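User: I'd like to learn how to read the features of a protein model. Could you walk me through this one?

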Amino acid sequence: MKTFGEIIKDARKEKRITQRDLAKMISVDFTYISKIETGALEPPSESVIGKIAKILELDPNELFILAKKVPTEFKNSIIEEDTTANMFFRKYQYLTEEQKERIKHIIEE
């Protein structure tokens with residue numbers, strides 16, 4: 001599986017956007033982009049990931065997963081009391097592999 005940086009680099013090159021140009025578009029230094037792509041730095045903040053996703057036409061949720069980050073909107077739905085998401089995440093660790101596969105199948109339909 002490709003890393004966050006590799007996905008960004010591949011998408012940027014596919015769009016024929018230089019590191020400097022991408023950096024200007026999201027208001028960061030180009031060396032920051034280089035370090036993200038090589039893995040020298042951790043993936044960026046939620047807002048920067050969103051900007052990169054928009055420019056490179058990538059699914060922001062996939063980028064968040066690669067970055068091992070949870071978008072604020074998901075965090076909010078998880079921490080609200082008595083929500084299905086809250087209950088699901090509390091119980092998830094106790095599910096069997098078979099139960100997880102059944103849930104995955106339902107979600108993918």
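Analyst: Happy to; we will go through the core, a loop residue, salt bridges, backbone angles and pockets. Please keep in mind that this is a predicted model.

User: Let's begin with the core. Which residues have the most contacts inside the largest nonpolar core?

Analyst: The general idea comes first: in soluble globular proteins, nonpolar side chains tend to be buried together. Here, the largest nonpolar core has 17 residues, and those with the most contacts inside it are Phe4, Ile8, Leu22, Ile49, Ile52, Leu56 and Leu63. At least two residues of this core come from each of helix 1 (4-14), helix 2 (19-26), helix 3 (30-38), helix 4 (46-56) and helix 5. Helix 4 gives the largest share, five residues.

User: What does Leu22 touch, if I leave out residues up to four places away in sequence?

Analyst: With that exclusion, Leu22 touches Ile8, Arg12, Ile17, Ile33, Ile55 and Leu56. Keep Arg12 in mind, as we will meet that residue again among the salt bridges.

User: Now a loop residue. Is Ala67 buried or exposed?

Analyst: The general idea is to compare the relative accessible area with a cut-off: under 20% is buried and over 50% is exposed. Ala67 has 9% relative accessibility, so it counts as buried. This residue lies in the loop between helix 5 and helix 6. Leaving aside neighbours within four places in sequence, Ala67 is in contact with Phe4, Pro43 and Ile49. Phe4 and Ile49 are also among the residues with the most contacts inside the largest nonpolar core.

User: How far apart are Ala67 and Ile55 in sequence and in space?

Analyst: They are twelve residues apart in sequence, and their C-alpha atoms are 17 Å apart.

User: What about the pair of Lys15 and Glu57?

Analyst: The closest N and O atoms of that salt bridge are 2.7 Å apart. It too links distant parts of the chain: Lys15 is in the loop between helix 1 and helix 2, Glu57 is in the loop between helix 4 and helix 5, and they are 42 residues apart. Lys15 is partly exposed at 33% relative accessibility, whereas Glu57 is exposed at 61%.

A further salt bridge brings together the side chains of Asp10 and Lys2, at 2.3 Å from N to O. Asp10 is partly exposed with a relative accessible area of 34%, and Lys2 is partly exposed at 44%.

User: Which phi angle does Glu57 have?

Analyst: Glu57 has a positive phi of about 55 degrees although it is not a glycine. Another case is Ser27, also not a glycine, with a positive phi of about 60 degrees. Ser27 is found in the loop between helix 2 and helix 3 and is exposed, with a relative accessible area of 65%.

User: Finally, pockets. How much space lies in the largest pocket, and which helix supplies the largest share of its lining?

Analyst: For a pocket, read the volume, then the lining, then the residue classes. The largest pocket holds about 380 Å³ of space. Helix 7 (84-91) and helix 8 (97-108) each give at least two lining residues, and helix 8 has the largest share with seven. By class, the lining has six nonpolar, one polar and five charged residues. Phe88, Tyr92, Lys100 and Glu101 are among them.

User: And what lines the second largest pocket?

Analyst: Its lining consists of Asn61, Phe64, Ile65, Lys69, Val70, Pro71, Phe74, Ser77, Ile78 and Phe89. Helix 5 (60-66) and helix 6 (72-79) are the elements that give two or more of these residues. The lining divides into seven nonpolar, two polar and one charged, and the volume is about 240 Å³.

Methods: Residues numbered from 1 in each chain as written. Predicted model: local features only at pLDDT ≥ 70, side-chain atom pairs only at ≥ 80, totals over all residues. Heavy atoms only, no water. 1 Å grid on protein atoms, 1.4 Å probe; cavity = no way out; pocket = protein on both sides within 12 Å on 5 of 7 lines; lining within 4 Å. Points joined across faces, edges and corners; volume = space filled by probe spheres on them. Helix = DSSP H or I, 4+ residues; strand = E, 2+ residues; numbered from the N terminus. Nonpolar A, V, L, I, M, F, W, Y, C, P; charged D, E, K, R; others polar. Core = buried A, V, L, I, M, F, W, Y, C linked by side-chain atoms within 4.5 Å. Buried < 20%, exposed > 50% of the residue type's maximum accessible area, 1.4 Å probe, protein only. Contact = heavy atoms within 4.5 Å. Salt bridge = Lys/Arg side-chain N within 4 Å of Asp/Glu carboxyl O.
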